[in-house]
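Hi,

Here is the structure I said I would pass on.

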Amino acid sequence: MSELDRAAGIRLTVRGALAFVLASTLAGSVLQALLGVAALTGAAFVAGCVAAAALVNRRDLLSLVVSPPLVFFVTTTFIEAVRSLFAATPVQAFGLGMYTALSQGAPWLFGGSFLVLVIAWRRGLTRCVRELREELRATKASVPRPRSGGDGDGTAFAPEPEGYFEPKVYGTPREGQ
């Protein structure tokens with residue numbers, strides 16, 4: 001088996017894919033702090049999203065598609081919390097850092113989320129959505145329907161089953177009650 005065949009068979013669970021996106025975003029943030037290049041965190045996030053969407057199991061596509069904004073927010077919160085620890089006013093530094101980081105990272109977030117959606121769509125996201133709908137339909141509890149009858153105009157009285165709203169009473173009443 002060649003290296004190309006082995007690489008084509010690599011598949012991640014959704015947890016592994018999200019961990020990969022998280023790790024790549026954190027690595028990009030560290031490189032940004034060391035090298036001073038402003039776009040490294042966003043580019044690492046987008047690269048992690050693309051790789052995760054390409055390597056995740058097909059059955060996990062639906063979970064992966066909705067997760068990049070959460071991963072981006074968690075990563076940004078962690079990075080800004082660490083940065084604010086060394087500031088004179090940590091709460092103010094954290095708030096301002098979150099505002100700045102989320103504002104600057106929004107295009108990267110939208111781009112990464114869009115690319116994940118496009119890749120997942122091509123890999124079979126519609127089938128995952130269809131399977132979820134079928135599963136939800138199959139597990140839905142049957143709701144009793146009112147009995148029809150009466151005048152034929154649909155206004156017939158259909159009482160609820162006996163004991164539907166009344167609580168069940170167990171045992172016998174005590175004397176004096």
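Below is what turned up, starting with the pocket and moving on to a few residues.

Keep in mind that this is a predicted model.

First, the pocket. The largest one comes out at a volume of about 310 Å³. Its lining is made up of 18 residues, and if you want to find the centre, look for Q32, T41, A101, Q104 and G105, which lie nearest to it. Four helices each give at least two residues to that lining: α2 (14-35), α3 (40-55), α5 (68-84) and α6 (90-123).

Next, the aromatics. Searching the whole structure gives one aromatic pair. The partners are F45 and F72, arranged edge-to-face, with 5.0 Å from centre to centre and 65° between the planes. F45 sits in helix α3 and F72 in helix α5, so the pair ties together parts that are 27 residues apart in sequence. Both F45 and F72 are buried.

C49 is in helix α3, and because its relative accessible area is 1%, C49 counts as buried (the cut-off is under 20%). Leaving out residues up to four places away in sequence, C49 touches V21, P68, G112 and V116.

Cheers

Note on methods: Residues are numbered from 1 along each chain as its sequence is written. This is a predicted model: local features need pLDDT of at least 70, side-chain atom pairs count only at pLDDT 80 or more; totals for chains, interfaces and linings use all residues. Side-chain values use heavy atoms; hydrogens and water are left out. On a 1 Å grid over the protein atoms alone, a cavity is a set of points where a 1.4 Å probe fits but cannot get out, and a pocket is an open set with protein on both sides within 12 Å along at least five of seven lines; lining residues have an atom within 4 Å of a point. Grid points are joined across faces, edges and corners, and a volume is the space filled by probe spheres set on the points. Rings of Phe, Tyr and Trp (its six-membered ring) pair if their centres lie within 6.5 Å; planes under 30 degrees apart count as stacked, over 60 as edge-to-face and the rest as tilted. Buried means under 20% relative accessible area, exposed over 50%, partly exposed in between (1.4 Å probe, protein chains only). Contact means heavy atoms within 4.5 Å.
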